[in-house]
Every structure is written in C-alpha cells, then in structure tokens.
Amino acid sequence: MTKWTIVLITAGMLLVGCSDEAVEKNSKAEEETPGEFLQEEEKPNEADQLKDDISEEEAAKLPEYNIIRKQIGDGSYKIVIIANNEETRILHFLNAQGELQYKAVFVKETNRLKIINTKGDGNIFNQVIG
C-alpha cells in the first residue's frame, strides 16, 4: 500500500511539474503573437495620416469649412489635417500655444460634419450638411 501511495504521489508531482512548464511556454507564445499583430496595425498608412498644416486659403476650399468657421468663430487657429481618406477628413484647430481647441470630423459619404470643442462644451455641431 505504501509503494502505491508513493508511486501515485510521484506521478502526480511529475504531471503537475510538466503542466506548469507547458503553460508557461504557451503563455509566452501567446504574449508574443498579439504584440507582433499590434505592431502591424499601429503602422499608419501615409495617405490616411497626413498631419499637415494647411493655410486658411486651402482650408476655405473644403466644403465643410464655412460651417466650421461659423461654429468656432474667426479666431486665429492653426489648422492641421490629421486624416484625409475616402471615408473621412479630420481637422484639428490649434490655438497660438499649439493646444488643441476644436476637432472637426467630416464623413464624406454622408456629408455629416461633427465639431467638438475639446476645451469645454464637447459636441457643438453634429449634422448633415448640404
């Protein structure tokens, strides 16, 4: 009886010891795989992520610009295009200190314009424009 008890305890310890090592190997493999996947996703497409400053004259050519100016006023803002692709155009309006004051998102397919005041009121405009 004592021999069988020792054999069972030893076998149980071997199984537990091996399973911990296998779990550690699997968890390390799982940790590496998502990281590699995220690195590929984080690479921005240059066409989508412009982050270019544009002048008032260039901005005035955009269909949403007049409505944006009516909503945020005629303050002196630096205008930065964050994204401009087939679906959306995202503009940031920065004050003289370079702080983000307003964010405008224009959905091209539906002509929906959303203007967000980042320093206060939040959404100040969210409508389909003509």
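## Ile68 and the main core

Let's start with one residue in this predicted model. Leaving aside neighbours within four places in sequence, Ile68 is in contact with Leu91, Phe93, Ala104, Leu113 and Ile115. Where does Ile68 belong? The largest nonpolar core has 18 residues, and Ile68 is listed with Leu91, Phe93, Leu113 and Ile115 as touching the most other members. At least two residues of this core come from each of helix 3 (65-72), strand 2 (78-84), strand 3, strand 4 and strand 5 (112-117).

Apart from this core lies another one, made of six residues, including Val80, Ile82, Ala83 and Ile90. As background, nonpolar side chains in soluble globular proteins tend to be buried together.

## The sheet and its helix

Six of them form an open sheet in the order 1-2-3-4-5-6, with antiparallel pairing. Which strands stand at the edges? They are strand 1 (52-54) and strand 6 (122-128); each has a single partner strand, so one side of each is left without a neighbour in the sheet. On average, neighbouring strands are turned by 20 degrees against each other, direction ignored.

Ile81 has Leu91 in strand 3 as its bridge partner. Helix 3 packs on the sheet and touches strand 2, strand 3, strand 4, strand 5 and strand 6. The direction of helix 3 makes about 30 degrees with that of strand 5.

## A buried loop residue

Next, find Asn95 in the loop between strand 3 (88-94) and strand 4 (100-107). Is Asn95 buried or exposed? Asn95 counts as buried because its relative accessibility is 16%, and the cut-off for buried is under 20%.

What does Asn95 touch? Not counting residues up to four places away in sequence, Asn95 touches Tyr77 and Gln101. A polar atom of the Asn95 side chain also lies 2.9 Å from the backbone nitrogen of Glu99.

## The whole chain

Stepping back, the protein chain has three helices and six strands. From the N terminus on, the elements run α-β-α-α-β-β-β-β-β. Of the 130 residues in the chain, 26% are buried.

The accessible surface of the chain comes to about 9,600 Å², and carbon and sulfur atoms account for 53% of that surface. Among contacts with a separation of 6 or more, 30% are between residues 24 or more positions apart.

Note on methods
Residues are numbered from 1 along each chain as its sequence is written. This is a predicted model: local features need pLDDT of at least 70, side-chain atom pairs count only at pLDDT 80 or more; totals for chains, interfaces and linings use all residues. Side-chain values use heavy atoms; hydrogens and water are left out. Helices (H or I, at least four residues) and strands (E, at least two) are DSSP runs, numbered from the N terminus. Buried means under 20% relative accessible area, exposed over 50%, partly exposed in between (1.4 Å probe, protein chains only). Contact means heavy atoms within 4.5 Å. Accessible areas come from the Shrake-Rupley method with a 1.4 Å probe; for residues, only the protein chains shown count as cover. A polar contact is a pair of N or O atoms within 3.5 Å; within protein, one must be able to donate a hydrogen and the other to accept it, and residues adjacent in sequence count only if both atoms are side-chain atoms. A nonpolar core is a set of buried Ala, Val, Leu, Ile, Met, Phe, Trp, Tyr and Cys residues joined through side-chain atoms within 4.5 Å. Two strands pair if DSSP finds at least two bridges between them. Axes are lines fitted to C-alpha atoms, for helices over the stretch in contact, and angles run from 0 to 180 degrees between N-to-C directions.
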